[in-house]
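Hello,

Here is the structure I promised to pass on to you. My notes on it follow just below, so please have a look at both together.

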Amino acid sequence: MLDIRWIRDNQEQFDAALAKRGLEPRSAELVALDDARRSHVTKLQEAQQRRNVASKEIGRAKASKDEAAAQALMDEVAEIKSFIQNGEEEERRLNAALEDALCVIPNMPLDGVPVGEDENDNVELHVYGDKPSFDFEPKEHYDLGKDMGQMDFETAAKLSGSRFVLIKGKLARLERALGQFMIDLHTEEHGYTEVSPPLLVRDDALFGTGQLPKFSEDLFKTTTGHWLIPTAEVPLTNMVSEEILDQAALPMRVTALTYCFRSEAGSAGRDVAGMLRQHQFEKCELVSITDEDSSVAELERMRECAENVLKKLGLHYRVVTLCSGDMGFGARKTYDIEVWLPGQNAYREISSCSVCGDFQARRMNARYRVEGEKALKFVHTLNGSGLAVGRCLIAVLENYQNADGSITVPEVLRPYMGGIEVIN
């Protein structure tokens with residue numbers, strides 16, 4: 001969430017930032033809501049001051065036996081108390097109206113983020129490795145999996161409907177190996193602390209990271225009022241909600257390997273073949289909590305950690321900087337890592353790494369204390385995939401396929417596979 005005081009003081013800059021995201025100006029509307037709130041608060045404060053003064057005047061009037069004046073003052077105080085009681089409810093309403101308007105405003109892009117409308121305006125940062133060459137026509141992952149009898153979409157559909165898959169045998173072990181490899185790499189080499197978080201969260205957690213209220217249709221809600229997490233970013237980031245941290249404890253880096261659940265409400269008709277876009281998928285998430293001066297550098301570090309997974313797997317990929325119109329709601333800057341899929345003859349996103357500044361921290365009231373300073377500051381938050389396990393499985397299948405339909409296991413995964421070198 002953005003600071004209304006900053007918006008008041010930087011209305012042209014705020015509207016220009018919205019324009020970069022393809023949105024209409026909102027500063028006049030928001031400032032008007034804040035003006036109404038401020039004006040009402042001023043009236044309440046004046047009424048409270050007058051009530052206090054009148055209460056003292058009642059005592060003096062009674063001391064001087066001026067009953068008429070005392071009664072008039074008591075009548076005035078009664079009216080003021082009624083105004084204050086009703087006014088406090090109005091203050092809550094005005095506060096809620098302002099917060100409701102602010103909480104659906106996206107974050108402001110950092111300077112230097114390319115301005116554009118959609119993925120076609122993203123800018124390539126760099127490319128790693130070369131596209132693999134085959135002396136046969138490479139297949140897509142779902143054909144490879146079906147031919148081996150280890151990827152079953154029909155049974156999954158019978159159990160759960162569309163956008164689910166049942167993986168079995170050595171492919172199930174390969175998927176598990178990928179997740180274990182990622183979490184080990186991030187904890188043992190990249191300095192992240194492993195966390196096993198709840199997969200069910202409350203409204204406040206999803207509000208804190210920005211999924212609620214704007215994106216409720218993309219989520220699954222239980223009959224108990226809990227929500228299934230769309231990403232481990234939600235519980236990991238909310239570990240610091242309502243907390244005051246010492247600057248010396250920052251940066252805080254945590255990671256989790258969890259299942260994630262998304263309704264994919266806005267993706268009807270997209271990526272229906274195979275397991276590229278599922279309702280349930282596994283992902284290794286990276287989250288960093290930093291001070292305000294370190295977050296931009298931390299984004300570069302996080303991106304490198306995510307890239308390192310693909311480098312060790314020997315997969316060709318590229319990194320793009322998302323344009324202003326393609327960034328997520330809470331991001332100030334985002335890198336997408338796109339792995340090469342020879343079966344599709346295309347790059348596909350396998351990770352997004354974003355810096356959010358203090359946008360989420362304001363929603364969560366997550367702050368830190370600088371030694372020697374009285375004022376508290378909001379932390380900065382970052383999140384990234386390190387990586388999406390299912391999409392990584394797709395990439396391994398398509399890039400390491402052989403002419404006979406078997407899959408060569410990348411060397412780095414063989415210790416997790418009991419030494420298995422080829423899956424067929």
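**Salt bridges and what surrounds them**

Glu307 and Arg303 meet through their side chains in a salt bridge, at 2.5 Å from N to O; the term stands for a side-chain nitrogen of Lys or Arg within 4 Å of a carboxyl oxygen of Asp or Glu. The two residues are four apart in helix α10 (residues 295-313), which puts about one helical turn between them. Both Glu307 and Arg303 are buried, where buried means under 20% relative accessible area, exposed over 50%, and partly exposed in between (1.4 Å probe, protein chains only).

Before going further, please note that this is a predicted model: local features need pLDDT of at least 70, side-chain atom pairs count only at pLDDT 80 or more, and totals for chains, interfaces and linings use all residues. Residues are numbered from 1 along each chain as its sequence is written, and side-chain values use heavy atoms, with hydrogens and water left out. Helices (H or I, at least four residues) and strands (E, at least two) are DSSP runs, numbered from the N terminus.

How many salt bridges does a search of the whole structure find? The search gives 23. One of them joins Arg8 to Asp35, with the closest N and O atoms 2.9 Å apart. Arg8 belongs to helix α1 (residues 4-9) and Asp35 to helix α3 (residues 27-63), so this pair ties together parts that are 27 residues apart in sequence. Arg8 is partly exposed at 22% relative accessible area, and Asp35 is partly exposed too, at 34%.

Arg37 forms a salt bridge with Asp34, and here the closest N and O atoms are 2.8 Å apart. These two are three residues apart in helix α3, about one helical turn. Asp34 is buried, at 0% relative accessibility. A network of salt bridges links Arg8, Asp34, Asp35, Arg37 and Arg38.

**Strands**

An open sheet of three strands has the order β5-β7-β6, with antiparallel pairing; two strands pair if DSSP finds at least two bridges between them. Its edge strands, β5 (200-201) and β6 (220-221), each pair on one side only. Val201 stands opposite Trp227 in β7.

Strand β9 (residues 252-261) is mostly covered, with seven of its 10 residues buried. Strand β4 (residues 193-194) runs parallel to β9 and is joined to it by two bridges. Strand β10 (residues 280-290) runs antiparallel to β9, with 10 bridges between them. Phe261 has Gln280 in β10 as its bridge partner.

**Aromatic rings**

There are six aromatic pairs in the whole structure. Rings of Phe, Tyr and Trp (its six-membered ring) pair if their centres lie within 6.5 Å; planes under 30 degrees apart count as stacked, over 60 as edge-to-face and the rest as tilted. Among the pairs, Tyr128 and Tyr317 are stacked, 5.2 Å centre to centre with 20° between the planes. Tyr128 lies in strand β1 (residues 123-128) and Tyr317 in strand β11 (residues 317-321), so the pair ties together parts that are 189 residues apart in sequence. Tyr128 is partly exposed at 31%, whereas Tyr317 is buried at 0%.

Phe329 and Phe359 form an edge-to-face pair, 5.5 Å centre to centre and 75° between the planes. Phe329 is buried at 11% relative accessibility, and Phe359 is buried at 0%. Ring pairs link Phe215, Phe329 and Phe359 into a cluster.

Best wishes
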